[in-house]
Amino acid sequence: MSEALSVTASMPLRDFSLAIDLEVSAARRLALVGSSGAGKTTVLRLIAGLLSPAAGRVGLGDEVWLDTAASLDLPPERRRCGYVFQDYALFPGMSAWRNVAYGMRSTPRGKRRARAHELLERFGIAGLADARPAKLSGGERQRVALARALAAEPRALLLDEPLSALDPATRRDSLRELHSLLGGLSIPMLLVTHSFDEAALLADELAVLDRGAVVQSGAAAEISAQPGSAFVADFAGAAVLHGQATGEPGGLSVVRLRGGGDVRSVDRASGPVAVSVFPWEISLEPTGSAPPDSMLNRVEGEIASVTTVGNRTRVGLLTPQPLSVEVTGRSAAAMDLHPGGRVTAAWKASATKLIPI
Amino acid sequence: MRRRSIFGLVALIATLVVLAFLVIPIVAIFTNSSPVRLIEALGEQSSRDALWLSLRATLIAVAVIVVLGTPAAYLLAMREFRGRALVLTAIELPLVVPPAVAGIALLASFGPQGILGAAVADLGIELVFQTAGVIVALVFVASPFFLRQAIAAFAAVDTRQLEAARTLGAGPFRSFLTVAVPSARSGLGSGLALAWGRALGEFGATLMFAGSLQAVTQTAPLAIFAEFNSPGGFVGALALSAVLIAISAALLISVKLVGGERALDAGAQP
């Protein structure tokens, strides 16, 4: 029964204009990424109905929420669009379960408490149902905010920087939880973040927003390996690969990458993981030139793109999962890198981060 | 041991003088006559009429102020519009208008010869020499106390929370009632108490606009003045004053308890 969320809008912002055209299918996760002030939150606000664009159309399936041409602009309460705010915006005077129960319109009054508890249970914080938001940690607040948004049975879900209010240690755990929670939903999801890595982990597809316009969209690995512009190349941070980890005596973990190939990491993990490595940690060498080394990961591939960003060169490789490598302009010239050529990417096991998902 | 500075000594003496000056008159009300005589004086019909009228009139006035003033304050706090500063100043004007001037102003607008006098009469409403007139006077002088506090309290409400309520399906009224009002409750509570305190003490505007008819328009402050002017009425005036002081003190304490120290401080900032 879920339908696609579509938004077309244009409006002047402070010193540039927003002009976007996005569509998110049911059960799909689109991440809008870009630096702060690029207009990401504005997009969420106008989808939710908290802001009206100069011109545009927002709809879900056949239902129209906003159509400036037809002077139609439904208020937020009639759009049924879940919104997780950056600072969560929990109601401070209400306990966690009352926050969650706030939006339960179709649940009879007598059953709301039980249903709120059920949701909190699913999010692993049933024990905190009676606590006020001030007593909760950042990660707990995030879960209450998400439970509150989902309790209203939204037809689409918007998340504004869902991890930015968390400290780095909590962020990693929260990233994994959010990944699995969002993965179980059948509605369109749109999240905004300024972190390319977060977007790569949480979303199926990314749209890079720069000064109000989407400059490139696609899967994270594609964008990272074949950046359409220097801005995107600079913005796309760590390469993120997916695979299955197994521990190995000696402290190393071995990850069998989806699509083929093994990499090693000093991080300990087992089960499904995201492997992240920064492009500047990877070096390029001619294929077959060096002896195997258990502390060094090597993946061979065809060069897809060569993009210059300042004095560095970003090289996209068509490995089983696309990989982007950053080398100095000088070594790029020395190696004669060009699309279609074959090279081997090499990086240390110690530069390979594993994030269980 | 450190020697006390001369300034420290002067400041200490000044503090004691101020304290004594403010507290002695209050204490005098209770100690000038014996408690038995004070309670006897309260037994008089005119005193009881006045207290009962004050209680009813101020409760109705405060109810009117809260019911109309809360949504008005919310709108003024949330909306940006041209002339907003002017509107806010107009609301605060009754704070600085002398009570006698307020009485004349009310007569000039709602009195029989006032610019709206005919319209008021057509509606079948009589204000002059009527309890309704007392309530009009109380609302006029007391509402700015509530409005100021309420506007400041609503302006401090986190708009993200209101937006969150809207995305969760609450309309403008439900988000106002369930999110904005609870967030602003300490400011609203202290505004209510201050407005009530001001209404209880109202004298000039009531006298000018509604007169001083026993059991109809003679509120406790007017009765104190009437007692004081009648031969041998000083004790009766003292007794009524003691009751008013007790009620006012209870209001002040409740403000401090509801909003903490900050509730009153916040009112000092425009």
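**View 1. Two salt bridges cross the interface of chain A and chain B.** A salt bridge here is a side-chain nitrogen of Lys or Arg within 4 Å of a carboxyl oxygen of Asp or Glu. A:R45 is paired in this way with B:E163, with 2.8 Å between the closest N and O atoms. This is a predicted model, in which local features need pLDDT of at least 70 and side-chain atom pairs count only at pLDDT 80 or more, while totals for chains, interfaces and linings use all residues. Residues are numbered from 1 along each chain as its sequence is written, chains are lettered from A in the order in which they are written, and side-chain values use heavy atoms, without hydrogens and water.

**View 2. The contact takes 21 residues from chain A and 16 residues from chain B.** Contact means heavy atoms within 4.5 Å. Between them the two chains bury about 1,600 Å², of which 60% is on carbon and sulfur atoms; buried area is the accessible area (1.4 Å probe) that two parts lose on being put together, summed over both.

**View 3. A:I47, A:L158 and B:F154 touch the most other members of the largest nonpolar core, which has 68 residues.** Such a core is a set of buried Ala, Val, Leu, Ile, Met, Phe, Trp, Tyr and Cys residues joined through side-chain atoms within 4.5 Å, buried meaning under 20% relative accessible area (1.4 Å probe, protein chains only). Beyond its neighbours within four places in sequence, B:F154 has contacts that include B:Y74, B:M78, B:F176 and B:L188. Another core, of 53 residues, lies apart from the largest one and includes A:W97 and A:L206.

Conventions
Buried < 20%, exposed > 50% of the residue type's maximum accessible area, 1.4 Å probe, protein only.
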